[in-house]
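This briefing covers aromatic ring pairs and strand pairing. The structure is shown first.

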Amino acid sequence: MPPALDSLDTGNVPTIQTNNDTVGPGDVLQVSIYEIGSALFSPSSAAMTASSVSGTNTLPSPSTASNLPPLPIDGNGDLDVPFAGLIHVTGMTTDQVAETIQARLKTKSQSPQVLVRISSDIANSVMVYGGVQRPSRIPLTPNRERILDVIALAGGEERPSGDERQPQTDEDYVVRLTRNGRIAEMPLKVIENEPTQNILMQAGDRVQLTFQPRTYTVFGASDHVTQTHFKTPTLTMAEAISRVGGPVDSRSDPNAVYLFRFENTDVLRRMGLPVEGNAPTAPIVYQLDMMNPANYFLAQKFMMRDRDLIYIANSSSNKFYKFFGLISTIIAPGITAAWMAK
């Protein structure tokens with residue numbers, strides 16, 4: 001299972017903290033140059049020079065502004081500026097690029113002033129794709145966007161209309177982040193609820209949003225033996241059983257309703273159950289006696305999880321053997337009923 005998103009901000013891989021205002025290969029810059037007197041970049045400079053030679057009484061020359069054509073930064077991180085030459089700009093801010101160009105032009109132009117802005121930002125961007133409305137490259141800004149910000153800028157989750165059989169909620173989406181060759185993923189709803197998981201984006205990140213509908217499966221003496229979508233953000237065990245028609249009166253044992261899941265080991269430890277090794281989860285079986293009023297009210301508070309499995313036994317005599325035999329076949333031949341019942 002991939003690690004949590006915040007794990008990519010720590011560990012052995014160095015975290016690059018930037019203000020997202022530097023330039024790099026692939027960026028396109030817009031350079032504006034302001035000059036006075038005889039201007040290098042203005043066609044009017046020749047007319048001003050001729051006027052000065054003829055002796056015509058003229059006022060001091062006003063400043064002229066010239067916008068150079070968009071200038072791309074090549075794969076080596078170099079920028080080619082007329083009269084300034086080739087400048088290695090990777091890692092510079094736009095102010096630093098402007099200062100470097102200005103220094104190169106001082107010996108060729110009178111009091112040049114330079115402004116630089118990023119016209120097309122490639123170096124400081126992330127890719128957002130998958131189940132979003134507008135898969136695209138999202139430029140990062142000095143505001144330092146987080147993962148939920150770039151998902152929102154890509155239009156948020158894609159929710160096709162007209163598919164009422166499979167409603168989509170935030171709980172059904174998973175966010176996968178690829179950074180520096182490492183992958184982490186987490187449900188979108190968890191990121192929304194846990195601010196520590198809403199991590200800062202870094203240039204070069206890839207964010208994939210996928211729709212993974214949560215389901216649970218019902219076996220045994222129920223009205224429908226089927227895999228069912230949650231359809232709502234939350235679902236209790238009582239609601240899950242009722243959606244499939246509940247136990248069949250003629251052949252079910254309402255005293256023997258079981259739920260199988262891989263439970264978090266910290267929950268098992270709090271219940272006093274043994275946990276083997278450092279595994280994050282372990283298999284466990286919960287029993288529900290629907291003839292016991294206390295159990296029925298408990299089922300209304302017991303929350304279902306993705307991939308839970310409910311088994312309704314046919315009779316009290318064979319309920320354990322049928323259920324455990326079924327689980328052993330589905331999960332793995334090496335998992336025995338005795339081991340799961342620990």
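At 38% relative accessibility, Phe262 is partly exposed, a class between buried (under 20% relative accessible area) and exposed (over 50%), with a 1.4 Å probe and protein chains only. The model is predicted: local features need pLDDT of at least 70, side-chain atom pairs count only at pLDDT 80 or more, and totals for chains, interfaces and linings use all residues. Residues are numbered from 1 along each chain as its sequence is written, and side-chain values use heavy atoms, leaving out hydrogens and water.

**Aromatic pairs**

- Rings of Phe, Tyr and Trp (its six-membered ring) pair if their centres lie within 6.5 Å; planes under 30 degrees apart are stacked, over 60 edge-to-face, and the rest tilted.
- The count by this rule is five aromatic pairs.
- One of them is the edge-to-face pair of Phe260 and Phe262, at 5.5 Å centre to centre with 80 degrees between the planes.
- Phe260 is buried, at 4% relative accessible area.
- Tyr286 and Phe302 also form an edge-to-face pair, at 5.2 Å and 65 degrees.
- Tyr286 lies in strand 15 (residues 281-288) and Phe302 in the loop between helix 7 (293-299) and strand 16 (308-312), so the pair ties together parts 16 residues apart in sequence.
- Both Tyr286 and Phe302 are buried.

- Helices (H or I, at least four residues) and strands (E, at least two) are DSSP runs numbered from the N terminus; two strands pair if DSSP finds at least two bridges between them.
- Five of the seven residues of strand 9 (residues 173-179) are buried, so the strand is largely enclosed by the rest of the structure.
- Strand 9 runs antiparallel to strand 11 (residues 206-211), joined by six bridges; Arg176 has Gln208 as its bridge partner there.
- Six bridges also join strand 9 to strand 10 (residues 182-187), again antiparallel, and Thr178 is partnered by Ile183.
- Strands 9 and 10 form a hairpin with two residues between them, and Asn180 in the turn has a positive phi of about 55 degrees.
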